[in-house]
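Here are my notes on the model you sent over. Have a look at the structure first, then read on.

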Amino acid sequence: MNVPNHIGIIVDGNGRWAVKRGKSRSEGHLAGSKNLDTLCQYIFDKGVKVVSLYVFSTENFKRSDEEVNYLMDLFVKKFKEDFKKFSKKGIKIVFSGRRQPLKKEILDIIDDVTLQTKDNKNGILNFCLNYGSHAEIIDACKKMIEDKVAIDDVNEALFNKYLYNDLPNLDLLIRTGGELRLSNFMLYQAAYAELYFTNTLFPDFNKDEFDQALDSYNNRDRRFGGINYEKKNC
Ligand code: IPE
Ligand code: IPE
Ligand code: MG
């Protein structure tokens, strides 16, 4: 079994999961967040080194104040409770996204968790919160100009350092909830990612469903533009 080094998950379908059950969208987010705990532990136990979770996009601020506030409160609670669990296993927690217009309460917990887990070495859990790929690329360019980076010094390694976090490229990108799009998630890092879309709504995306994604990944022929001469059909 070939285990991807970096997996990204577009955590989608919480709202529909709830509506199908006659529940509020908030209840869907709560169910999704509970599922995240179990799933992330499982993914790290499989040997994956980096997990990036798309939990709130820059565009999600278009939603009602009620939903946005519920999600922000849930994140604060979750980060406070969860980080110890992951930290005990040596997982470093990082965040990707714009700080504006996040409130002080959430920024404080983000800074605290980042600081407290910064020396952990067993894996990285990257929460993409108020994240958008376009914003990330624009922010990186602005910082490079601010730093007066010389034109000849610009290369992929340097550009990566200017992104929100200097992480390896995605190997596997999973989207739950049935939509066949990336919705502004890690467009740069997904250049050669294997894409896996499932109709399963995120609160139902369990260990078995994850194993199916992993099986699918293992059946892909990753050529990165080259040719796999060992395959008979080449
Ligand atoms: C994804 O679930 C979670 C967030 C965007 C925070 P949605 O809330 O988008 O769920 P659906 O797509 O409406 O079902
Ligand atoms: C993408 O889901 C963002 C997150 C999962 C955080 P959305 O539900 O916001 O995406 P669209 O609107 O269907 O593209
Ligand atoms: Mg959605």
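Predicted model: local features only at pLDDT ≥ 70, side-chain atom pairs only at ≥ 80, totals over all residues.

1. S57 sits in strand β2, which covers residues 50–57; strands here are DSSP E runs of at least two residues and helices are H or I runs of at least four, numbered from the N terminus. S57 is buried, at a relative accessible area of 8%, where buried means under 20%, exposed over 50% and partly exposed in between, with a 1.4 Å probe and protein chains only.

2. Neighbours within four places in sequence aside, S57 is in contact with N130 and Y131, contact being heavy atoms within 4.5 Å.

3. Residues are numbered from 1 along each chain as its sequence is written, chains are lettered from A and ligands numbered from 1 in the order written, and side-chain values use heavy atoms, leaving out hydrogens and water.

4. Now for helix α5. Its 14 residues, 133–146, reach 20 Å from first C-alpha to last, close to the 20 Å expected at 1.5 Å a residue; that expected span is 1.5 Å times one less than the number of residues.

5. Which residues of α5 are buried? They are S133, A135, E136, D139, A140 and M144. Down the axis of α5, they fall within an arc of 165 degrees, so they line one face of the helix; the arc is taken from the directions from the helix axis to the C-beta atoms. Their cover includes β4 (123–131) and α6 (156–162).

6. On the face of α5 turned away from its buried side are the exposed residues H134, K142, I145 and E146. After α5 comes K148, with a positive phi near 50 degrees.
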